[in-house]
Amino acid sequence: MFVRRPTRYPNRTAMEANKMKRPLVFALILAIAIAVMLGMSAGEAQADSQYWVDESSLPFDPLPGHEDSTRLWGVHAGAGYRIEVPANWNGDLVMWAHGLRPYTDRLFLEPPDAQLLLRQYLLENGYAWAASTFSKNNYSVSRAVKDTRTLAAHFNGLVGNADRIYIAGRSMGAHVAAISVEQYPGFYDGALPVCGPLSGVEAFDFTLDLNLGAQQIALGTSSWPLDTADYLQNTLPQIKANLEAAPGAFPFALNANGEAFKQMVELRSGGDRPNFDQAWMLYNLVPSFFTGVPGDFLFDFSMFVTGALPRPDALDNSDVIYQIDLDPAISAYEQSLNEAIARVSAAPGSRIDSGLSESHVPPLTGNISAPVLTLHNLGDLAAPFQNEIDYYHTVDGSGKSHLLVQRAIRGVNHCGFTTSEWNAAFADLVSWVESGVRPAGDVVHDPAVVAAPDYGCQFTDFATPNGHILPQPCP
């Protein structure tokens with residue numbers, strides 16, 4: 001049994017926990033929102049087969065007031081696409097990259113206003129846009145990068161050569177956008193990767209941190225890989241029982257080990273920061289993708305996504321130093337945890353830089369060739385804020401930090417941003433590209449700055465009603 005030092009989180013009593021009303025409505029909203037970001041539901045899970053374009057998903061209606069736009073759709077190079085060009089086209093093009101669609105052979109596009117929150121802004125300001133289904137699903141970033149580039153060339157043939165080309169994407173699409181400005185220098189003029197796994201393949205190591213930490217802290221032993229069904233049905237209930245202060249009190253009232261686990265999750269997902277407490281609560285109430293059991297989502301989502309990777313054996317925690325408090329010194333508790341927790345090493349060759357080979361998740365080099373502006377929710381635990389920290393260090397290591405601006409937003413939803421935030425980010429990116437003047441952003445790599453009570457306040461849109469799920473109010 002580990003001996004835990006006092007930390008900044010106070011324990012709640014079982015009575016306090018019983019008095020709290022669990023916000024299941026918000027949890028359901030979050031589950032639905034994440035499924036929308038992925039472009040699928042758990043019910044679509046099926047074995048890999050020949051990919052096919054659902055052409056019925058491609059046609060789309062004009063926006064009111066923009067009936068004179070030119071709308072094109074079809075299939076090109078094995079992928080479905082949409083193109084829209086406003087009557088007052090300014091000559092610039094925005095390429096859109098969608099999020100992950102695992103375990104389905106159906107290639108499709110969402111309704112355009114759910115797919116592209118920028119649509120009205122783009123049309124009103126004269127920008128054309130284009131979006132691809134990609135010709136392959138799962139975490140096929142390399143294919144998506146190439147398909148997006150192919151569609152841009154197809155646009156030039158159908159409509160005409162664009163003066164400037166921007167690329168934007170959310171979730172996996174953010175990875176696509178970030179890789180694109182590395183792989184095609186001079187082709188894209190600016191990128192807007194939003195809420196993405198910008199740590200590269202290392203982003204998925206969070207699944208190891210979360211599940212191995214839960215096992216080791218709660219049960220005193222840990223192992224990997226997991227039998228998903230047995231883990232969720234048998235092991236996970238025991239883990240929760242050993243982390244809660246009273247029966248049924250997880251995630252609200254935690255015992256000493258529960259508090260230690262919670263803090264380990266915070267530190268591995270981006271460090272001490274506003275909006276984590278709200279994220280912890282919501283993500284531990286959302287139903288499982290696999291079982292539908294409320295509260296299992298945080299444990300199974302990363303396994304669910306990891307199964308869609310081209311190399312699931314690329315996960316690694318061999319050099320991770322796990323901590324459960326804000327003191328950088330390693331306590332006796334932390335030393336015992338690090339000595340006992342199971343270690344997993346990536347398979348040889350699974351993390352090599354193979355360019356756009358589709359057998360690997362392409363690593364981010366940080367050698368960006370154009371201005372890049374990112375957005376990320378502080379409470380996102382599907383693609384944690386740690387991705388932004390890692391991305392900064394990657395870009396800075398390539399000497400390109402002058403081409404990167406990052407913005408922290410308060411809220412817990414994966415990719416949950418208001419139209420105003422999207423519009424402001426894109427407008428600032430364009431102004432940067434055209435004027436050369438770098439816009440304002442947030443410091444993500446200084447833990448003291450990130451932990452400040454007002455962090456994430458500058459760029460969060462609090463004016464839009466219900467614009468965010470559980471944003472922590474600013475002081």
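**Cavities and a covered helix in a predicted model**

Me: Which residues line the second largest cavity?
Reply: The model is a predicted one. In it, the second largest cavity has a volume of about 50 Å³. Its lining is formed by His-76, Ala-77, Ala-79, Gly-80, Tyr-81, Ser-132, Asp-147, Thr-150 and Leu-151.

Me: Which strand and which helix each supply at least two residues of that lining?
Reply: The lining of the second largest cavity includes Ala-79, Gly-80 and Tyr-81, and also Asp-147, Thr-150 and Leu-151. The elements that each supply at least two of its residues are strand 3 (79–85) and helix 5 (141–158).

Me: How many residues of the lining of the second largest cavity are charged?
Reply: The lining of this cavity holds 4 nonpolar and 4 polar residues. Asp counts as charged, and Asp-147 is among the lining residues. The number of charged residues is 1.

Me: Which helix supplies the largest share of the lining of the largest cavity?
Reply: The largest cavity holds about 270 Å³ of space and is lined by 22 residues. The largest share, 6 residues, comes from helix 11.

Me: How many residues of the lining of the largest cavity are nonpolar?
Reply: Nearest the centre of this cavity lie Phe-204, Phe-301, Val-305, Ala-382 and Ala-383. Phe, Val and Ala count as nonpolar. The lining as a whole has no charged residues and 5 polar ones, and its nonpolar residues number 17.

Me: How many of the 8 residues of helix 10 are buried?
Reply: Helix 10 spans residues 276–283 and is mostly covered. Buried here are Phe-276, Ala-279, Trp-280, Met-281, Leu-282 and Tyr-283.

Conventions
Residues are numbered from 1 along each chain as its sequence is written. This is a predicted model: local features need pLDDT of at least 70, side-chain atom pairs count only at pLDDT 80 or more; totals for chains, interfaces and linings use all residues. Side-chain values use heavy atoms; hydrogens and water are left out. Buried means under 20% relative accessible area, exposed over 50%, partly exposed in between (1.4 Å probe, protein chains only). Helices (H or I, at least four residues) and strands (E, at least two) are DSSP runs, numbered from the N terminus. On a 1 Å grid over the protein atoms alone, a cavity is a set of points where a 1.4 Å probe fits but cannot get out, and a pocket is an open set with protein on both sides within 12 Å along at least five of seven lines; lining residues have an atom within 4 Å of a point. Grid points are joined across faces, edges and corners, and a volume is the space filled by probe spheres set on the points.
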